[in-house]
Amino acid sequence: MVYLSSDETVSDQLCFNWTQSAPQARFNVRFLSKLLFLLKPPQPLSEQIFADACRHAEGRTRRKAYPADLLHITLFCVGCFGTIPESLISKIRKAMDGISGRPFPVTLDRCAVFGNRSSHVLKSSQDIPEIEGLARLLERQLRRRNLPFVPFQPIVPHITTIYGCGKIDTMSIEQPYHWTADDFVLVYSHNGLTRHDELERWSLSAKANDYERPTRQLIFQDSDIQSHSASDV
């Protein structure tokens with residue numbers, strides 16, 4: 001993972017020699033904030049998910065539902081930082097000029113509890129390969145500009161609705177949550193503050209080519225999900 005402490009360190013670490021041992025991180029990653037590419041549901045749907053999560057949390061956990069305006073699916077993490085890396089953000093904006101990805105449907109129709117903090121999440125019973133396709137497209141854009149990023153790792157796409165809630169029973173879903181993902185965002189997620197600074201938003205285009213299909217499709221059973229480690233904030 002790329003750990004940067006400030007804006008000034010960006011230009012010195014763009015190229016990596018993987019034959020050498022990694023440099024020591026200056027900060028404990030637990031106390032760093034993250035620069036993330038995300039998919040976000042439309043506001044009315046986020047409000048509905050939040051309201052449903054609040055009802056489910058009542059009487060089951062002392063943890064509150066995650067705020068509606070912060071609900072998201074993580075595409076991937078650019079890196080961890082001590083302060084907002086302004087010059088890197090400017091370079092990312094330029095790297096995303098002319099990005100060409102198609103809108104795609106997202107349906108979340110199941111719930112699970114997983115992660116090292118036992119969080120309650122929404123997920124899909126079906127593969128959504130376009131999510132990985134978009135993440136890899138963004139990763140390639142950064143690589144072409146020799147910008148740092150955390151290499152994409154396939155995960156179960158999900159929206160965390162309650163963080164650190166423990167092993168509670170999962171919410172029943174009467175109607176699947178569905179929307180068309182027609183844009184993605186870059187946010188700075190402040191560690192420990194339950195706050196995202198939205199830095200940029202890019203639209204997807206129906207005129208773009210289809211995404212490259214993943215070379216493999218991972219099938220996750222519920223037993224696997226229980227032990228999966230959530231990576232987003």
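Residues with a relative accessible area under 20% are termed buried, those over 50% exposed, and those in between partly exposed. Arginine 93, with a relative accessible area of 31%, is therefore partly exposed. All views below are taken from a predicted model.

**Figure 1. Overview of the protein chain.** The secondary structure of the protein chain comprises 4 helices and 10 strands. Along the sequence, these elements follow the pattern β-β-α-β-α-β-β-β-α-β-β-β-β-α. The protein chain has 233 residues, of which 49% count as buried. Among contacts with a separation of 6 or more, 80% are made by residues 24 or more positions apart.

**Figure 2. Salt bridge between glutamate 200 and arginine 93.** The side chains of these two residues, glutamate 200 and arginine 93, meet in a salt bridge with an N to O distance of 2.8 Å. Glutamate 200 belongs to strand E10 (residues 195–203) and arginine 93 to helix H2 (residues 86–95), so the pair ties together parts of the chain that are 107 residues apart in sequence. Glutamate 200 has a relative accessibility of 27% and hence counts as partly exposed. The relative accessible area of arginine 93 is 31%, and this residue is likewise partly exposed. Across the structure, the count comes to 10 salt bridges.

**Figure 3. Salt bridge between arginine 102 and aspartate 210.** The side chains of arginine 102 and aspartate 210 form a salt bridge, at 3.2 Å from N to O. Both partners lie in loops: arginine 102 in the one between H2 and strand E4 (104–108), and aspartate 210 in the one between E10 and helix H4 (222–227), so that parts 108 residues apart in sequence are tied together. Arginine 102 is partly exposed, at 28% relative accessibility, whereas aspartate 210, with a relative accessible area of 64%, is exposed.

Figure 4. In the salt bridge of aspartate 183 with arginine 201, the closest N and O atoms are 3.0 Å apart. Aspartate 183 is in strand E9 (residues 183–190) and arginine 201 in strand E10, so this pair, 18 residues apart, links distant parts of the chain. Salt bridges with shared partners join Asp183, Glu198 and Arg201 into one network. Aspartate 183 is buried, having a relative accessible area of 16%, while arginine 201 is partly exposed at 37%.

**Figure 5. Aromatic pair of phenylalanine 37 and tryptophan 202.** The search of the whole structure finds 7 aromatic pairs. In the pair of phenylalanine 37 and tryptophan 202, the ring centres are 6.1 Å apart and the planes stand at 50°, so the pair is tilted. Phenylalanine 37 is in strand E2 (residues 33–39) and tryptophan 202 in strand E10; the pair links distant parts of the chain, 165 residues apart. Both phenylalanine 37 and tryptophan 202 are buried. Ring pairs link Phe37, Phe76, Phe149, Phe184 and Trp202 into a cluster.

**Figure 6. Pairing of strands E2 and E3.** E2 and E3 run antiparallel and are joined by 7 bridges. Leucine 38 stands opposite threonine 74, a residue of E3. Strand E3 (residues 73–81) is mostly covered, with 9 of its 9 residues buried.

Figure 7. Cysteine 54 is located in helix H1 (residues 43–57). The C-alpha atoms of cysteine 54 and threonine 161 are separated by 8.8 Å, although these residues are 107 residues apart along the chain. Cysteine 54 counts as partly exposed, at 30% relative accessibility, whereas cysteine 111, at 12%, counts as buried. The structure holds 0 disulfides.

**Figure 8. Confidence along the protein chain.** The average pLDDT of the protein chain is 83, and 79% of the residues score at least 70. The pLDDT is below 50 over residues 1–27, a stretch with 41 contacts in the model beyond near neighbours in sequence. Over residues 218–231 the pLDDT also stays under 50, and the model has 29 contacts beyond four places in sequence for these residues. Where pLDDT is low, the predicted coordinates should not be read in detail.

Notes
Residues numbered from 1 in each chain as written. Heavy atoms only, no water. Salt bridge = Lys/Arg side-chain N within 4 Å of Asp/Glu carboxyl O. Helix = DSSP H or I, 4+ residues; strand = E, 2+ residues; numbered from the N terminus. Buried < 20%, exposed > 50% of the residue type's maximum accessible area, 1.4 Å probe, protein only. Phe/Tyr/Trp six-rings, centres within 6.5 Å; stacked < 30°, edge-to-face > 60°. Pairing = 2+ DSSP bridges. Disulfide = S-S within 2.5 Å. pLDDT = per-residue confidence, 0-100. Contact = heavy atoms within 4.5 Å.
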